[in-house]
Amino acid sequence: QVQLEVTGGGLVQAGDSLRLSCTASARAFSNYCMAWFRQAPGKEREFVAGIMWNPFYGDFAQDRFTVSRDNTKKTVYLQMNSLKPEDTAVYYCAASSVTSRESGRYFAWGQGTQVTVSA
């Protein structure tokens, strides 16, 4: 059973940066594709970024967000720069055995952390 603990998040102003961390309990962490998703109120959960061997991003995240991982720490990070009010959402990390942008392919989820960006 894989458990994911998410830290980071909070209230920031537009233009600020924020880094989220997600630490896994899995022994085989390096074998998993790790991803970040987000869900804003009234909207569907959407893919933000993922990383297996190489990072891959949702269209909106390509220029401002950076996903990285440290397999020695079993941790994946999401660095978010130039934040906008529309980035306000609950952010989740997730683990999958395959590389995918589809939330249904992820079998383990962290608890989510609120990111609120004020104008």
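Let's start with the rings: Phe-37, Phe-47, Phe-56, Tyr-92, Tyr-106 and Trp-109 come together in one aromatic cluster. Rings of Phe, Tyr and Trp (its six-membered ring) pair if their centres lie within 6.5 Å, and a pair counts as stacked with planes under 30 degrees apart, edge-to-face over 60 and tilted for the rest. Before going on, keep in mind that this is a predicted model, where local features need pLDDT of at least 70, side-chain atom pairs count only at pLDDT 80 or more, and totals for chains, interfaces and linings use all residues. Residues are numbered from 1 along each chain as its sequence is written, and side-chain values use heavy atoms, with hydrogens and water left out.

Back to the rings. The structure has 8 aromatic pairs. Take Phe-60 and Phe-65: their ring centres are 6.0 Å apart and their planes sit at 90°, so this pair is edge-to-face. How much of each residue is covered? Phe-65 is buried, at a relative accessible area of 1%, while Phe-60 is partly exposed, at 26%. Here buried means under 20% relative accessible area, exposed means over 50%, and partly exposed is in between (1.4 Å probe, protein chains only).

Now step back to the whole chain. You'll find 0 helices and 11 strands in the protein, where helices (H or I, at least four residues) and strands (E, at least two) are DSSP runs numbered from the N terminus. For 119 residues, a compact globule would have a radius of gyration near 14 Å, and the protein's 13 Å agrees with that; the radius is taken over C-alpha atoms, and the globule rule is 2.2 Å times the number of residues to the power 0.38. Along the principal axes, the C-alpha atoms fill a box of roughly 40 × 25 × 25 Å. Of the 119 residues, 46% are buried.

For a last stop, look at Val-98, in the loop between β9 (89–96) and β10 (108–109). Val-98 is partly exposed, with a relative accessible area of 32%. Setting aside its neighbours within four places in sequence, Val-98 is in contact with Cys-33 and Arg-105. Leu-4 lies 94 residues from Val-98 along the chain, and the C-alpha atoms of the two are separated by 17 Å.

Note on methods
Contact means heavy atoms within 4.5 Å.
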